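Thanks for asking me to look this one over. My notes follow as numbered points, so please keep the structure open beside them.

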Amino acid sequence: MSELEARIATLADKTLLLLDDDAALRTRMGRALEARGFDVTLAGSVAEASDALRVSVPAFAVLDMRLEDGNGLKVVEAIRERREDARIVMLTGYGAIATAVAAVKAGAVDYMQKPADADDVVKALLSVGEAPEPPENPMSADRVRWEHIQRVYELCDHNVSETARRLGMHRRTLQRILAKRAPR
């Protein structure tokens, strides 16, 4: 039995809400968390999560940040209002410092990029006062820059001129960056 499995076995309340609008990821992560000893409730939208919270408030939650019908931060706030000791991890495919800060301020204990490994999610859920370990393969500075540019480009509805203005760069430079493949 691993250290994580031993910690899960000692928990009195193993209820967990998993909220993600990606059905494949939700199913796969749900099975992985059940295999690790959690009693998982699946939700695909903020509305489904709200319905699940009316029935019971879980001890743990793994929530997607951006959903079709809203934002996972609303679910964090709903859980925190009814259960202060809940451990919540936010998952997102669109990582940004501002959203990470907002998630932690709302009450999440950690903020992770998708795709996240189930063991990493469990470590984040069960860590108490421990600083998270640095990732083994962090993104390169070039990749972080590229991800940021892609995010701003998406927020500007794929308008190159507006994106370039907001990023403070020349439009042609931005077009060259967007035409290249993502760095590793």
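1. First, a term for what follows: a salt bridge here is a side-chain nitrogen of Lys or Arg within 4 Å of a carboxyl oxygen of Asp or Glu. The structure holds 8 salt bridges by that rule. Please bear in mind that this is a predicted model, where local features need pLDDT of at least 70 and side-chain atom pairs count only at pLDDT 80 or more, while totals for chains, interfaces and linings use all residues. Residues are numbered from 1 along each chain as its sequence is written, and side-chain values use heavy atoms, leaving out hydrogens and water.

2. Now the overall picture. The protein has 9 helices and 7 strands; these are DSSP runs numbered from the N terminus, with helices being H or I of at least four residues and strands being E of at least two. Of its 184 residues, 40% count as buried. For that word and its relatives, buried means under 20% relative accessible area, exposed means over 50%, and partly exposed lies in between (1.4 Å probe, protein chains only).

3. The surface and the contacts come next. The accessible surface comes to about 11100 Å², and carbon and sulfur atoms account for 50% of it; areas come from the Shrake-Rupley method with a 1.4 Å probe, and for residues only the protein chains shown count as cover. Among contacts (heavy atoms within 4.5 Å) with a separation of 6 or more, 61% are between residues 24 or more positions apart.

4. Do have a look at Arg83 and Asp13. They form a salt bridge whose closest N and O atoms are 2.8 Å apart. This pair links distant parts of the chain, 70 residues apart: Arg83 sits in the loop between α4 (72–82) and β6 (87–92), and Asp13 in the loop between α1 (3–9) and β1 (15–19). Arg83 is buried at 18% relative accessible area, whereas Asp13 is partly exposed at 26%.

5. For a local pair, turn to Asp51 and Arg54. Their salt bridge has its closest N and O atoms 2.3 Å apart. Both residues lie in helix α3 (residues 46–55), 3 residues apart, which is about one turn of the helix. Asp51 is partly exposed, with a relative accessible area of 43%, and Arg54 is exposed at 59%.

6. Which side chain meets Glu154 in a salt bridge? The partner is Arg66, at 3.2 Å from N to O. Here again the pair links distant parts of the chain, with Glu154 in helix α7 and Arg66 in strand β4 (residues 66–67), 88 residues apart. Glu154 is partly exposed at 27% relative accessible area, and Arg66 is partly exposed at 35%. Elsewhere, salt bridges that share partners join Asp13, Arg83 and Asp85 into one network.

7. Arg151 is in helix α7 (residues 141–155) and touches Arg66 and Tyr94, leaving aside residues up to four places away in sequence. Is Arg151 buried or exposed? Arg151 counts as buried because its relative accessibility is 18%, and the cut-off for buried is under 20%.

8. There is a positive surface patch to inspect, formed by Arg145, Arg171, Arg172, Arg176 and Lys180. Patch residues have over 30% relative accessible area and no salt bridge; like charges are joined within 9 Å, and nonpolar side chains (Val, Leu, Ile, Met, Phe, Trp, Tyr) within 5 Å. Lys and Arg count as positive and Asp and Glu as negative, without His or the chain ends. Helix α9 (residues 171–179) supplies the largest share of the patch, 3 residues. Lys180 is in the segment after α9 and is exposed at 59%.

9. Arg181 is found in the segment after α9 as well, and is exposed with a relative accessible area of 79%. Arg181 and Trp146 are 35 residues apart in sequence and 9.3 Å apart in space, C-alpha to C-alpha.

10. Finally, a backbone check. Most residues other than glycine have a negative phi. Asp157 has a positive phi, near 55°, and His158 has a positive phi near 60°. Asp157 is exposed at 66% relative accessible area, and His158 is exposed at 51%.

Notes:
Charge placed at Lys NZ, Arg CZ, Asp CG, Glu CD.
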